[in-house]
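Here are my notes for a first look at this model. Have it open beside you and take the points in order.

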Amino acid sequence: MTDSRRNLLTALALLAFAGNSLLCRFALAHTRLDAPTFTAVRLAAGAAVLGVLARARRTQPPGRGSWASALALFGYAAGFSFAYEQLDAGTGALLLFGAVQATMIGRGLVAGERLHEVQWLGLLLALGGLVALVRPGLTAPPAVGAVLMVGAGVSWGVYSLRGRGAGDPLRVTAGNFLRATPLALALGVAMHAHASWDGEGVLYALTSGALTSGVGYAVWYAVLPGLPATRAATLQLAVPVLAAFGGTALLGELPSARLVASSAAILGGVALALASKRAA
């Protein structure tokens, strides 16, 4: 794969990840669709598209997924949807990807990885930005929504860690989406008394599952082998910025000064820690 093609596909994958936040936020804030239904439709559509893409490959590398990984995927998808009933697109994406990176870096610390001074500085800067974002105040995000999105990020971090060495990423992801779908359906049944939907909301959920999740993950996994791990992790920090710009342009969400300052601290701190890790 040429560098120009890889760069283009990488940009498309990052736009797809940001698109998930925009589609979910718009569906839950501007249509009648409820969070459990969005989660179920998204996972089912993603499973269908990823399954087709996996079967279309000429070779069949190993990888089927697992119920433990599917549970982590479901935790991410459900928390993501419920959180976006309350959070703006940019704030939600910032909390999500900050929690993902914190989970993966934290796992390294638990496993005995040692950080030097610059990396600790980056982590403390990111933690300070997170505290500043969620501390009480007029412009603080709703506490329940923030907790749900952080939980979604932790779940996605766990899911990503479990995926290392689990087999072909596309087939594994397809299998996990398929396993997570009945979990989402069960959640919908349990909360059927509060269910509501309309055609527009379902269309956004289908687009999120099929396009920005299914195709987006397939594109990301196609370019991932050609990206150093630290660069791939750092590139994902662009997603909250893209989501914030999209929320302003498409949803009329105006970022607060607190969000801008916290974003700079969180993303800058994590990027500093990752870049220092690569240099070390």
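1. Glu253 sits in the loop between helix 10 and helix 11 (257-279) and Arg25 in helix 1, so the pair ties together parts 228 residues apart in sequence. Helices here are DSSP runs (H or I, at least four residues), numbered from the N terminus.

2. Before going further, a word on the source: this is a predicted model, where local features need pLDDT of at least 70 and side-chain atom pairs count only at pLDDT 80 or more, while totals for chains, interfaces and linings use all residues. Residues are numbered from 1 along each chain as its sequence is written, and side-chain values use heavy atoms, with hydrogens and water left out.

3. Back to Arg25, which is buried too, at a relative accessible area of 13%. Which other residue does Arg25 form a salt bridge with? That is Asp88, with the closest N and O atoms 3.8 Å apart. Asp88 is in the loop between helix 3 and helix 4, 63 residues from Arg25, and counts as partly exposed because its relative accessibility is 31%. The count comes to 2 salt bridges, and shared partners join Arg25, Asp88 and Glu253 into one network.

4. Now look at the largest nonpolar core, which has 55 residues (a nonpolar core is a set of buried Ala, Val, Leu, Ile, Met, Phe, Trp, Tyr and Cys residues joined through side-chain atoms within 4.5 Å). Leu73, Tyr76, Phe80, Tyr84, Met149 and Trp220 touch the most other members. Helix 3 gives the largest share, 10 residues. Another core, of 7 residues, lies apart from it, and Leu94, Ala126, Leu259 and Ile266 are among its members.

5. Leaving aside neighbours within four places in sequence, Gly75 is in contact (heavy atoms within 4.5 Å) with Ala152 and Ser155. Leu73, on the same terms, touches Leu43, Trp156, Tyr159, Asn176, Phe177 and Ala180.

6. Finally, the surface. Leu8, Leu12, Leu15 and Leu242 make a nonpolar patch of about 350 Å². Patch members have over 30% relative accessible area and no salt bridge, with nonpolar side chains (Val, Leu, Ile, Met, Phe, Trp, Tyr) joined within 5 Å; areas come from the Shrake-Rupley method with a 1.4 Å probe. Helix 1 (residues 3-30) gives the most to the patch, with 3 residues. Leu8, which lies in helix 1, counts as exposed at 52% relative accessibility.

Terms used
Patches are made of residues with over 30% relative accessible area and no salt bridge: like charges are joined within 9 Å, nonpolar side chains (Val, Leu, Ile, Met, Phe, Trp, Tyr) within 5 Å. A salt bridge is a side-chain nitrogen of Lys or Arg within 4 Å of a carboxyl oxygen of Asp or Glu. Helices (H or I, at least four residues) and strands (E, at least two) are DSSP runs, numbered from the N terminus. Buried means under 20% relative accessible area, exposed over 50%, partly exposed in between (1.4 Å probe, protein chains only).
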